[in-house]
Amino acid sequence: MTGNFAWLNWAAIVLGAAMVSDTTWAFLLGWLPFVPDAGTAAGGAAGGAPGGLPVAYVVVVTLAVAGLAALSVRPALNLASRHQLMNASFDPLRLVNAYGAFGTVTRRRDEVVVEGTLAEHPGPDDWREYEFRGKPGDVMRRPPQVAPYHLRLDWVMWFLPLGSGGHLWFERFLLRLLEADPATLRLLRRDPFDGERPRWVRARMYRYRYTTPEERRRTGAWWVRSERGVVVDPVRLSQLRR
């Protein structure tokens with residue numbers, strides 16, 4: 001629930017939940033009508049602990065959990081720190097660590113907007129935007145919820161403004177748009193040309209921010225954006241096919 005690319009979280013939750021025994025789930029969720037009680041799940045086993053586990057086993061596990069909880073204090077403080085360390089270890093045995101696909105997320109949201117035109121000699125009003133499934137795009141569009149589904153094209157588009165390099169794929173993407181490649185167009189929310197080949201495409205950078213409550217009431221927009229510059233000048237099919 002932390003974001004539209006939360007599939008990483010869902011993957012970890014599913015893997016973690018699968019490691020918990022049926023007996024434990026029954027003990028924790030026995031109040032639900034469709035979950036058998038702990039005694040039934042344990043096959044009627046008796047004992048001083050859930051599922052008839054030996055008391056010594058429960059004591060050892062409890063001590064281990066308590067020890068890991070104590071060691072996890074520093075990673076937890078690191079998580080809340082303004083100078084967060086990513087993928088760092090906090091004890092000599094590396095029992096507790098800080099892991100994250102991203103340690104921090106930029107405060108400013110810059111987005112690459114891709115546009116095309118059917119005009120041979122386009123003017124300022126001849127350009128039309130390609131709409132992505134999960135990216136902001138149109139400032140009037142309500143931010144969609146797509147997690148846990150992973151929109152890979154939208155995902156890699158996020159890296160373009162960060163200047164992470166290796167953007168040959170984006171050149172190929174523009175080439176496929178100029179070709180009106182059906183498989184590529186299916187990755188988009190909307191093709192403004194309904195399958196017709198554009199004569200030119202270009203890419204521009206915009207900085208987005210959410211509207212304030214007052215701006216939202218006055219304009220109905222969800223976003224405010226301002227142009228930051230040109231990422232790719234107008235290019236046509238013959239240029240990219242060289």
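I take a residue as buried when its relative accessible area is under 20%, and on that basis 29% of the 242 residues of the protein count as buried. The model I am reading is a predicted one, and I keep that in mind for every entry below.

**Entry 1, overall layout.** I looked up the secondary structure and found 10 helices and six strands in the protein. I then turned to the contacts with a separation of 6 or more, and 58% of them in the protein are between residues 24 or more positions apart.

Which residues touch the most other members of the largest nonpolar core? The core has 25 residues, and the ones I noted for this are Val114, Phe170, Phe173 and Leu177. At least two residues of this core come from each of β3 (109-117), α6, α7, β5 (200-210) and α10 (237-240), and α7 gives the most, with six residues.

**Entry 3, helix α7.** I next listed the buried residues of α7, which are Phe170, Phe173, Leu174, Leu175, Leu177 and Leu178. I set beside that list a general point: an α-helix has 3.6 residues a turn, so residues three or four places apart point the same way. The cover over the buried residues of α7 includes β3, α6, α8 (182-185), β5, β6 (223-235) and α10. For phenylalanine 170 I looked up the contacts, leaving out residues up to four places away in sequence, and found that this residue touches Val112, Val114, Met157, Leu160, Ala203 and Val232. After the helix I noted alanine 180, which follows α7 and has a positive phi, near 55 degrees.

How many aromatic pairs does the count come to? Taking ring centres within 6.5 Å as the condition, I have 10 aromatic pairs. In one of them, phenylalanine 132 and phenylalanine 173, the ring centres are 6.1 Å apart and the planes are at 45 degrees, so I record the pair as tilted. Phenylalanine 132 lies in the loop between β4 (128-129) and α6 (152-157), whereas phenylalanine 173 is in helix α7 (residues 168-178), so this pair ties together parts that are 41 residues apart in sequence. I checked accessibility for the two residues, and both phenylalanine 132 and phenylalanine 173 are buried.

Is tryptophan 169 buried or partly exposed? Its relative accessibility is 28%, so tryptophan 169 counts as partly exposed, whereas phenylalanine 170, at 5% relative accessibility, counts as buried. Ring pairs link Phe132, Trp169, Phe170 and Phe173 into a cluster.

I looked for charged side chains over aromatic faces and noted lysine 135, which lies over the face of phenylalanine 132 at 5.8 Å from the ring centre. I also noted arginine 225, which lies over the face of tyrosine 206 at 4.1 Å from the ring centre.

I searched the whole structure for cavities of 30 Å³ or more, and the search finds one. About 100 Å³ of space lies in the largest cavity. Of the 14 residues that line the largest cavity, I wrote down the closest to its centre, which are Tyr130, Phe132, Lys135, Pro136 and Gly137. The element that gives the most to the lining is β3, with three residues.

Valine 230 and arginine 204 are 26 residues apart in sequence, but their C-alpha atoms are 4.4 Å apart in space. Not counting residues up to four places away in sequence, valine 230 touches Ala203 and Arg204.

Arginine 94 is exposed, with a relative accessible area of 59%. Aspartate 194 also has a positive phi, of about 50 degrees, although it is not a glycine. The place of aspartate 194 is in the loop between α8 and β5, and its relative accessible area of 75% makes aspartate 194 exposed.

Key: Residues numbered from 1 in each chain as written. Predicted model: local features only at pLDDT ≥ 70, side-chain atom pairs only at ≥ 80, totals over all residues. Heavy atoms only, no water. Phe/Tyr/Trp six-rings, centres within 6.5 Å; stacked < 30°, edge-to-face > 60°. Helix = DSSP H or I, 4+ residues; strand = E, 2+ residues; numbered from the N terminus. Buried < 20%, exposed > 50% of the residue type's maximum accessible area, 1.4 Å probe, protein only. Lys NZ or Arg CZ within 6 Å of the ring centre and 35° of its normal. Core = buried A, V, L, I, M, F, W, Y, C linked by side-chain atoms within 4.5 Å. Contact = heavy atoms within 4.5 Å. 1 Å grid on protein atoms, 1.4 Å probe; cavity = no way out; pocket = protein on both sides within 12 Å on 5 of 7 lines; lining within 4 Å. Points joined across faces, edges and corners; volume = space filled by probe spheres on them.
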